[in-house]
Number of protein chains: 2
Amino acid sequence: MRYIDFVDLNYRPREDDLVCDFRVEPIGISIKEAAGGVAAESSIGTWTELSTMQSYVTDLHATAFMIKKDLVKIAYPIELFENGNMPNILSSVAGNIFGLKALRNLRLEDIHLPRRIVKGFRGPKYGIPGVREILRVPERPLLGTIIKPKLGLRVQDHAVVAYNAWIGGCDIVKDDENLSSQSFNPFEDRVVKTLEMRDRAEEETGERKIYMVNVTAETEEMLRRATFVEEQGGEYVMVDILTCGWSAVQTLRDHDLNLVIHAHRAGHAAFTKNPKHGVAMRVIAKLVRVLGLDQLHIGAVLGKMSERKNEVLENCGALRDEMYGLKPVLPVASGGLHPALVPTLISIFGKDLVVQAGGGIHGHAYGTASGARAMRQALEAAMSNISLREYSRSHVELASALKTWR
Amino acid sequence: MRYIDFVDLNYRPREDDLVCDFRVEPIGISIKEAAGGVAAESSIGTWTELSTMQSYVTDLHATAFMIKKDLVKIAYPIELFENGNMPNILSSVAGNIFGLKALRNLRLEDIHLPRRIVKGFRGPKYGIPGVREILRVPERPLLGTIIKPKLGLRVQDHAVVAYNAWIGGCDIVKDDENLSSQSFNPFEDRVVKTLEMRDRAEEETGERKIYMVNVTAETEEMLRRATFVEEQGGEYVMVDILTCGWSAVQTLRDHDLNLVIHAHRAGHAAFTKNPKHGVAMRVIAKLVRVLGLDQLHIGAVLGKMSERKNEVLENCGALRDEMYGLKPVLPVASGGLHPALVPTLISIFGKDLVVQAGGGIHGHAYGTASGARAMRQALEAAMSNISLREYSRSHVELASALKTWR
């Protein structure tokens with residue numbers, strides 16, 4: 001079969017087909033041949049005719065069934081994939097094809113997984129309803145912070161910063177994605193001391209408080225750390241899903257610990273940022289949901305990170321829209337956020353959201369607790385449809401924050 | 001500390017510093033501020049001043065110490081990293097920074113790991129000397145093939161194609177990166193039947209033969225499969241390192257099975273292809289070596305894949321140059337190769353190489369065994385400095401191949 005034989009514009013995908021949407025920019029060949037090439041190289045074809053082809057194999061070919069300008073849709077028979085094996089699916093549909101010389105650029109824009117593939121994975125154990133139940137916050141956006149400075153704080157100082165964030169009004173305190181178990185702040189000591197402060201903050205505030213400790217490591221060490229968190233009375237872990245990788249993330253979820261899993265996406269923009277090439281973030285978002293994590297960073301539109309509003313809303317949709325009965329995943333907006341941005345954030349995302357600020361809390365002129373109060377006040381104002389300016393007249397922490405950041 | 005405080009052009013890296021080379025393309029800020037931003041966001045800084053900063057933390061800051069046009073070198077104190085935790089290192093130096101709004105493009109061009117970090121990992125168990133010893137081929141390039149069609153062949157046909165490749169002259173037969181354990185070709189049955197044919201091919205040819213079975217899966221399933229291969233008398237496994245991910249790859253190596261590990265890089269070009277953004281392949285090559293895999297695909301210059309010669313040579317250097325006594329990793333050239341390309345390949349790579357052809361063997365007019373013979377003849381000719389044209393006068397398989405592909 002030649003590349004062009006993998007194109008059939010009259011083909012209509014079957015219920016069980018996996019469908020991918022690509023943007024394709026060929027070099028020196030037609031878009032049709034390029035579309036066929038992508039379908040071939042990720043199913044049963046290659047660059048030359050094969051003596052070893054069998055008639056029973058040709059039934060398994062993928063089909064480029066739609067071409068509109070540079071947008072190509074490809075349908076893959078489900079038999080090409082191993083049930084419940086995420087790396088295998090990605091090696092097929094997001095593997096060698098990016099490197100083809102005949103393509104200047106190739107971007108996997110979206111992935112549509114059929115029910116049978118989705119049901120091969122666990123899906124979220126908690127998701128939005130589970131997280132809200134643990135926190136006993138039924139409706140408002142959740143307030144999170146990242147301990148800052150991101151690296152370097154010793155355990156005791158780390159725990160104190162966490163405590164101050166909680167008593168100021170944060171629901172969730174998370175480690176930075178770069179913090180795992182460095183000598184200045186070893187994992188087990190940090191877990192024990194920070195959870196102690198969580199208990200104290202819960203007693204003092206009467207609110208439920210969450211500590212998300214980063215278990216990013218080699219797979220077995222990661223599992224050992226997650227189990228330790230569970231034993232110590234923690235309810236959450238976070239993991240850097242892309243630097244750990246899909247096999248390990250699947251392993252963590254499949255162990256089915258009683259832990260909410262927060263997905264950090266450190267490194268994603270190496271392949272999501274260029275709109276012409278790589279993999280769109282919403283693809284990652286769908287895979288995270290199917291595998292069964294509970295929270296995911298998806299960009300903030302505002303702040304220091306580069307994603308545009310339409311991308312972030314697509315990511316939200318991937319996490320929250322109906323998908324074969326899977327629980328919705330809680331989106332986390334993070335990266336350069338501060339109180340002045342809160343009303344716009346909520347107007348973009350709605351209420352099912354973690355508003356997560358690091359510098360925008362710990363950079364407050366009066367310190368972390370005041371910074372958390374300012375953010376919580378901004379949330380209250382936005383939820384009550386009161387302008388920040390008006391609300392700040394009776395809320396000094398918010399007033400101070402609005403002087404520092406606009 | 002502001003971004004600019006992370007720049008010190010008088011700084012000289014210490015022996016224990018980790019150093020990264022970046023290409024930086026800022027938007028609306030100076031290259032100096034952008035360089036400081038990258039150093040800040042991957043060490044102890046963020047976008048705003050922090051109330052929680054401690055004087056003992058500031059000693060841990062990374063430093064942008066060289067800026068030449070768009071090339072920036074950053075030194076990181078070793079204390080920022082957890083010993084022996086690869087995902088942690090990557091979340092730091094190749095994490096959030098790619099997504100910064102202030103950077104149009106950012107590319108991690110190279111990574112220089114200090115001895116103390118390298119010694120935290122196992123390094124290759126076999127590497128080039130170990131593979132040559134197993135195969136009893138002390139000098140010439142090794143000949144490999146991928147079973148094609150890449151997906152769809154049933155176990156018996158898969159084993160027969162492997163057998164034909166071996167008796168034609170292939171040293172190594174590997175699964176396609178997309179093949180794991182699909183219903184048409186389940187893993188255990190494939191291992192057993194293909195290793196049977198390997199034994200037969202070894203008896204008939206008097207040569208050692210290798211079957212590289214793909215164990216790409218969720219971590220524990222991957223380990224189970226690798227252990228099964230060892231029990232069945234296999235000597236090699238292959239793994240899709242990027243779709244499985246670093247945690248799982250480290251787990252596989254750390255189990256220290258008696259298996260050569262072949263690294264396939266499916267998906268790499270999503271972030272390596274654009275010369276302005278992402279991560280260079282030589283960074284991946286160094287990490288693979290430090291973690292301790294034995295073989296790695298690094299591009300072919302010729303053929304259907306896009307990498308240029310200088311990139312591929314850099315990848316080779318990362319695998320083979322002196323690196324704190326680590327064994328060299330065997331480079332694998334693959335992707336659209338056929339006999340006519342062999343002399344140029346060897347002139348580019350030298351002899352420590354797997355020349356791997358799929359379509360260029362199974363697409364031979366007289367079938368797989370003849371295709372393997374033609375490739376082996378091309379290797380013989382190149383090693384004897386005889387032109388292919390001359391050699392093909394007395395070697396019919398080569399003559400036929402040269403008619404099909406130029």
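Two strands count as paired if DSSP finds at least two bridges between them; strands (E, at least two residues) and helices (H or I, at least four) are DSSP runs, numbered from the N terminus. This is a predicted model, where local features need pLDDT of at least 70 and side-chain atom pairs count only at pLDDT 80 or more, while totals for chains, interfaces and linings use all residues. Residues are numbered from 1 along each chain as its sequence is written, chains are lettered from A in the order in which they are written, and side-chain values use heavy atoms, leaving out hydrogens and water.

**View 1. An open, mixed sheet in chain A.** Its 5 strands run in the order β2-β3-β1-β4-β10. β2 (63–68) and β10 (278–279) of chain A sit at the edges with a single partner strand each, so one side of each has no neighbour in the sheet.

**View 2. Where β4(A) meets β10(A).** Strand β4 (residues 103–112) of chain A runs parallel to β10(A), joined by 2 bridges. A:Arg107 has A:Gly278 of β10(A) as its bridge partner.

**View 3. Helix α12 (residues 281–291) of chain A lies across β4 and β10 of chain A.** It runs at about 35° to β4(A) (axes are lines fitted to C-alpha atoms, for helices over the stretch in contact, with angles from 0 to 180 degrees between N-to-C directions; contact means heavy atoms within 4.5 Å).

View 4. A:Cys316 counts as buried at 2% relative accessibility, and B:Cys170 does at 0% (buried means under 20% relative accessible area, with a 1.4 Å probe and protein chains only).

Note on methods. Buried < 20%, exposed > 50% of the residue type's maximum accessible area, 1.4 Å probe, protein only.
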